[in-house]
Amino acid sequence: MAVMITDLCINCDACIDECPVGAIASVDDSPRGDWEYTYVKPEKCIECVEHASTPACAAACPTEECIVWDMPYTAEHNDYYVNSSDYVISSSKKRGLLSPEVAPQTFRDDISDEMRQAREAVAV
Ligand code: SF4
Ligand code: SF4
């Protein structure tokens with residue numbers, strides 16, 4: 001990952017079409033049945049690296065501090081993502097569970113682990 005959409009979300013869906021990799025799901029398409037808000041799939045999110053200077057979802061979002069940083073989607077954080085109740089990681093037929101160990105994603109190295117652990121709001 002990734003960025004995370006919090007419960008400040010008003011489900012306006014403005015972020016969905018802005019994502020360059022189709023990582024954002026509306027409530028109706030969310031793999032998280034217990035989550036009543038738009039959802040970012042961490043196994044797809046590339047933090048807009050090489051696509052935009054800041055995460056495009058946050059730039060499009062009308063709700064202040066709605067979208068926050070989460071940990072990089074890398075093997076180092078495999079257990080965090082696989083065991084978290086905040087996420088439902090998808091699988092592929094060929095590769096199985098697309099965990100951080102199996103399918104790591106790129107991330108912004110100028111965002112510190114401290115900012116990510118604190119789930120600081122994405123600044124745009
Ligand atoms: S940070 Fe970029 S890649 Fe990740 S969900 Fe937002 S728009 Fe998509
Ligand atoms: S743009 Fe913001 S408020 Fe609208 S659906 Fe996306 S995260 Fe939620």
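Let's start with Pro42, which is buried because 27 other C-beta atoms lie within 10 Å. By buried I mean that 20 or more other C-beta atoms lie within 10 Å of a residue's own; exposed is 12 or fewer, partly exposed is in between, and the C-beta atoms are placed from the backbone. Pro42 sits in the loop between S3 and H1. Its C-alpha is 11 Å from that of Val21, and the two are 21 residues apart in sequence.

Quick housekeeping: this is a predicted model, where local features need pLDDT of at least 70, side-chain atom pairs count only at pLDDT 80 or more, and totals for chains, interfaces and linings use all residues. Residues are numbered from 1 along each chain as its sequence is written, while chains are lettered from A and ligands numbered from 1 in the order in which they are written.

Okay, the overall picture. The protein has three helices and six strands, and along the sequence they run β-β-β-α-β-α-β-β-α. Those are DSSP runs numbered from the N terminus: H or I for helices, at least four residues, and E for strands, at least two.

How does the radius of gyration compare with a compact globule? For 124 residues the globule value would be near 14 Å, and the protein has 13 Å, which agrees. That radius is taken over C-alpha atoms, and the globule rule is 2.2 Å times the number of residues to the power 0.38. The C-alpha trace spans about 35 × 35 × 25 Å along its principal axes. Of the 124 residues, 32% count as buried.

Now the inside. The largest nonpolar core has 25 residues, and Val3, Ile24, Val40, Cys57 and Ile67 touch the most other members. S1, S2, strand S3 (39-40), helix H1 (56-60) and strand S4 (67-69) each put at least two residues into this core. A core here is a set of buried Ala, Val, Leu, Ile, Met, Phe, Trp, Tyr and Cys residues joined through C-beta atoms within 7 Å. Take Ile67: leaving out residues up to four places away in sequence, Ile67 touches Val3, Ile5, Pro55, Cys57, Ala58, Cys61, Ala121 and Val122. Touching, or contact, means C-beta atoms, placed from the backbone, within 7 Å.

On to the ligands. Ligand 1 is surrounded by 15 residues, with Cys19, Cys45, Cys48, Pro55 and Cys57 closest. Being near means having a C-beta atom, placed from the backbone, within 6 Å. The shell of ligand 1 has 13 nonpolar, no polar and two charged residues. Ligand 2 has 14 residues around it, and Cys9, Cys12, Cys15, Thr38 and Cys61 come nearest. Its shell splits into 10 nonpolar, three polar and one charged. For those classes, Ala, Val, Leu, Ile, Met, Phe, Trp, Tyr, Cys and Pro are nonpolar, Asp, Glu, Lys and Arg are charged, and the others, Gly among them, are polar.

Is Cys15 buried or exposed? Cys15 is buried, because it has 26 C-beta neighbours inside 10 Å. You'll find Cys15 in the loop between strand S1 (3-5) and strand S2 (24-25). Cys15 and Thr38 are 23 residues apart in sequence, with 9.0 Å between their C-alpha atoms.

Glu47 isn't a glycine, yet has a positive phi of about 55 degrees. Glu47 is in the loop between S3 and H1, and counts as buried because it has 26 C-beta neighbours inside 10 Å. Arg119, also not a glycine, has a positive phi near 50 degrees. Arg119 comes in the segment after helix H3 (113-117), and is partly exposed, with 14 C-beta neighbours inside 10 Å.

Key: Contact = placed C-beta atoms within 7 Å.
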